[in-house]
Amino acid sequence: MLTEEERVLMCQTADPEIVTLLESVKANPEKTWRRAAPVSGKAVATASSPDSNVTEKVTDDVERGSCFNCHKVGHLSRDCPTKRKPMTCFRCVAAGHMVTNCPTRQQVNTVAEQKNVEACHPYQKVGVVNDCEFVALLDTGSHFTLFKSTLAIKCGVSVRPFVKPLYGVGSTVVPALETVGEAVIEIVIDGVNAGPVVTLIVPDDVQGPDAIIGRNWLDSLAVSYYKSGSQLVLAEANVVNKLVDATVVTLGNEFDSLHVVSTEGELEHAPLDLSEFKFVSEDASASERSSLSDLVNKYRDCFATSLEEFGCTPLTSMDILEVTGSKPVMCKPYKTTAADRAEIEGIVSDWKRCGLVVETRSPYASLVLLVKQSAGKHRLCVDYRRLNKQTLRQHFPLPDMNEQLHLLGNSKLFAQLNLASGYLQIPLTDEAAAKTAFITEDTTGQFTRMPFGLSGAVVEFTRLMRHVLGPLHGKIVRNYLDDMVVDAVDWDDMLSKLRLVFDRLRSVCLTLKPSKCAFGAKQIEFLGFIVGGGLIQPGELKTRAISDFPTPVDVTSLKRFLGLTRYAIIAEPLTRLTKKNADFLWSNKQDSAFRVLEDRLTEPPVLTMFNPNAEVTELNTDASSLGLGAMLLQSKKTGGSLKLVYCISKKTSDSESKYHSSKLELMCVVWAMSKLRQFLLGLQFVVYTDCQALVYRPGNRMCHVDALSRAPVSSTGDKELPFDMELEDRRDVCVLLTIEDKVRMCQVADQEVSSIIQRLNADPVDYNLVDKVLLWRTDCCTGELTAGYCS
């Protein structure tokens, strides 16, 4: 056990300032010396002074409080207004450094011999900032890079005051420490520079090493690291294993051992196995499969199996132009559950680790949403709706869907390619990146690549793909956005065409996703259609209005469904329920018949591919207060049986449901023609409806579309717009009616006038019917109108 005097003496001996003071007191005993009050438990130089008078003066000044910097009484050195004296080295008596960093101390710049000296930490390195060296500890478990305050001052770093609580092991409520500042620093370790990194400045007494290098430096795209033995080896990411300088800096007479693995060449990708692809034909021979494997591994850099392997094209960059006078979008983060919050944090960390997202100080802050997907997965989406409202629109033609399908109709073998998150392979300009900034409950960030949700993303991506494919577009490869199809006559033809496509993708640094690529398929699904065997069949989405028809719950809804069918024997259990005075009892027989009829109505023989050369094309429509329904039918020749090509339906809004029946029927015709516009443009077709004011067909012959209108199924893929907005861009397509046409249409729709017309057909009296228009009277000789129209 140490006495009080021994503890004071030990503290004094360890403190260089007190040692200097004691030496000065011994050298000049007649001079009055002042020492500031004890700080942090340090003892003052009073116990070992040889002169008792000096001891009393020092003790008196300590009690009153004096400054060690200017030697004046009344304040402490930390509050001294006088400029601090520069630090002085006690070894070389030079200003600007301390004895621990004195250049006159022995240094060894080359390894003369090697001793088995145990390193203090295998992940400890020497870092450099502004030509200033320091001890850095690589910590893969730390989110942030931390600098001591004195190190930041020593390196001449510009520090911004910033207080942020940091949590460690022990508590997630009480922070372990708080930062005192923040700086953006370029740190070089083992010759590797990760670029500007946000670094937090902490007090000196909270960590041992000068700097802790966290994941925001280690996970930079410019840094690659791996473990060799007990050491962590750093290298440039794109030139991994490049020869590096093996010079070792040591202190004193001890030598550190440095393990360096040096081989030349780029980072090798793991070879791809054919099982990693979505589909590879089982009919292919062993040699054909081998040739395919050689091809995809030759172009291994064209495939990405992880976020780190995503391509980034130098061909273009996206900009976001806003309307003049727009203000930055600023939102508060949504509140989420603890589990969702942790998942959001993990996704954002992965994005930052791969360089897709970086730290931001942008005034923009859009919301993020965690969207649940199939198989229990989640997708993090940024809500850019407010940003899109103030973004200037761009225009570029999308590929024609029908043209692409028509060119694939006679193909026999297919290769289907899909980019790995194609949008994220287009870089953003610096101005656009700042506008994509988002905010979560824990952090902020901004994209470096084009994210989903921006209004101009589709146009930008379509323009890029048209440029990338160039002369191959429409001849070798068909594409719609990032979905590409290569058609061929045999396996060798497919491989030769794939080489051309891979060369184009490699030249612009775009990558494909193996799990979405298929090779040698005889049938594929493309744009909602099933293509293969020389046939093009409609996919599930086209028949969704029938397959999602609700199970009937009463006689009325059952009759609507039976209006779709012409299968009398299969439908007998259902028809039985529609008889007068029959109880509506839905049993297994009825349910089985209902399911069979649904399957029969949606199987391929019922639906046919649209044929622009068909002799007969009909559009059958029907409307009710509940919804609208339409079917497009075609026949190859006049008098032949009609085949269903497409069926659509939608629910009416509250205001639309109150329309007059004639107006509702007319709205249905216009809506159907707008929805099926890509099929009907340039064709001669007939519209049939059960409204007498239009092209009339009795209601008992319109049961098929009547059922769709009374049990509408709105599409979930596209948001239904109000009807007037749907017609906003269709004003160029209109029909000019003469005054006679308008009168004729109104008269046919009016019940009273219609009854008069029927009586006139039997026995004309006070009225006359001229060209199906009801008149009060006409000139018997000329037949010209002498009075007004009857309304």
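Helices here are DSSP runs of H or I with at least four residues, numbered from the N terminus.

**Entry 1. Leu597.** I am working on a predicted model. I looked up Leu597 and found it in helix α16, residues 588-602. Is Leu597 buried or exposed? The cut-off for buried is under 20% relative accessible area. Leu597 has 0% relative accessibility, so I list it as buried. I then took a C-alpha distance from Leu597 to Ala571, which lies 26 residues away along the chain, and got 7.5 Å.

**Entry 2. Whole protein.** I counted secondary structure and noted 22 helices and 32 strands. The protein has 791 residues, and 40% of them are buried.

**Entry 3. Nonpolar cores.** Which residues touch the most other members of the largest nonpolar core? I got Leu498, Phe502 and Phe519, in a core of 71 residues. Helix α12, residues 491-507, gives the largest share of this core, with seven residues. I listed the contacts of Leu498, leaving out residues up to four places away in sequence: Leu295, Ala415, Leu417, Val486 and Phe519. I also noted another core, apart from this one, with 25 residues, including Leu151, Val157, Ala183 and Ile213.

**Entry 4. Helix α11.** I checked the length of α11, residues 457-469. Its 13 residues should span 18 Å at 1.5 Å a residue, and the end C-alpha atoms are 18 Å apart, so the two agree. I recorded its buried residues as Ala457, Val459, Glu460, Phe461, Thr462, Leu464, Met465, Val468 and Leu469. What do the buried residues of α11 pack against? I found β21 (477-480), β22 (483-488) and α12. After α11 comes Gly470, and I read its phi as positive, near 50 degrees.

**Entry 5. Helix α22.** I ran the length check on α22, residues 751-762. The 12 residues should span 16 Å at 1.5 Å a residue; the end C-alpha atoms are 17 Å apart, which agrees. In α22 I marked Val753, Ser754, Ile756, Ile757 and Leu760 as buried. They cover an arc of only 160 degrees around the axis, so I place them on the same side of α22. On the other side of α22, I marked Gln751, Glu752, Gln758, Arg759 and Ala762 as exposed.

How values were computed: Residues are numbered from 1 along each chain as its sequence is written. This is a predicted model: local features need pLDDT of at least 70, side-chain atom pairs count only at pLDDT 80 or more; totals for chains, interfaces and linings use all residues. Side-chain values use heavy atoms; hydrogens and water are left out. A nonpolar core is a set of buried Ala, Val, Leu, Ile, Met, Phe, Trp, Tyr and Cys residues joined through side-chain atoms within 4.5 Å. Buried means under 20% relative accessible area, exposed over 50%, partly exposed in between (1.4 Å probe, protein chains only). Helices (H or I, at least four residues) and strands (E, at least two) are DSSP runs, numbered from the N terminus. Contact means heavy atoms within 4.5 Å. The expected span of a helix is 1.5 Å times one less than its number of residues. The arc is that of the directions from the helix axis to the C-beta atoms.
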